[in-house]
Amino acid sequence: KDRAYTDELLAADCNDSITGLDINATAPVRIPIDDIHEVLRLGYSFDTLKLAGSNIWFSEANQIQFCHFVQLILPAPASGPYPFIVLNEETSDYVVDLDLSVDISVDNITLTKRGKGGPKLEARIPGSVNVTNP
């Protein structure tokens, strides 16, 4: 409970940094279990529009693949020569299937007269644009 931690998101090989994509960490959430234990929940967000330029996007599989490295640390005492102690560390590999398809259909296109400004193109787009990120 109340331990310090370090974490890092890496490319799928668990060695290289993630490139071409800004990853934002959300505030960690600590959920108490009892007097000495808690669950540490870490979260991240990124702009899906920039995925194609990153080294974690695999377009042939429609997947992002990355690695998450976390260390639970007992900090070094303020008055002693001892360094911090790594209590536990975990490396997790993630493969996430993403459907980033966009379905757009346009119908009823008409050209109408518009005074001095010339013709005006009108298009009615039925429904809405749907982007699905399962």
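**Close-up views of a predicted model**

Tyr94 is partly exposed, with a relative accessible area of 37% (buried is under 20%, exposed over 50% and partly exposed in between, with a 1.4 Å probe and protein chains only). The model is predicted, so local features need pLDDT of at least 70 and side-chain atom pairs count only at pLDDT 80 or more, while totals for chains, interfaces and linings use all residues. Residues are numbered from 1 along each chain as its sequence is written, and side-chain values use heavy atoms, with hydrogens and water left out.

**View A. The aromatic pair of Phe66 and Tyr94.** One aromatic pair is found in a search of the whole structure (ring centres of Phe, Tyr or Trp, the last by its six-membered ring, within 6.5 Å; planes under 30 degrees apart are stacked, over 60 edge-to-face, the rest tilted). Phe66 and Tyr94 are stacked, at 5.1 Å centre to centre and 15 degrees between the planes. Because Phe66 lies in strand β7 and Tyr94 in strand β8, the pair ties together parts 28 residues apart in sequence (strands are DSSP runs of E, at least two residues, numbered from the N terminus). Phe66 is buried, with a relative accessible area of 16%.

**View B. Gln63 in strand β7.** Gln63 is buried, at 16% relative accessible area. Its side chain makes a polar contact of 2.9 Å with the side chain of Gln65 (N or O atoms within 3.5 Å, one able to donate a hydrogen and the other to accept it within protein; residues adjacent in sequence count only if both atoms are side-chain atoms). Not counting residues up to four places away in sequence, Gln63 touches Ile56, Trp57, Phe58, Val95, Val96 and Asp97 (contact is heavy atoms within 4.5 Å).

**View C. Gln71 in strand β7.** Gln71 is buried, with a relative accessible area of 15%. The side chains of Gln71 and Glu89 are joined by a polar contact of 2.8 Å. Beyond its neighbours within four places in sequence, Gln71 is in contact with Ala4, Tyr5, Thr6, Val86, Asn88 and Glu89.

**View D. The largest pocket, lined by 26 residues.** A pocket is an open set of points on a 1 Å grid over the protein atoms alone, where a 1.4 Å probe fits, with protein on both sides within 12 Å along at least five of seven lines; lining residues have an atom within 4 Å of a point. Leu40, Leu42, His68, Val70 and Glu90 lie nearest the centre of the largest pocket. Strand β7 gives the largest share of the lining, six residues.

Technical notes: Helix = DSSP H or I, 4+ residues; strand = E, 2+ residues; numbered from the N terminus.
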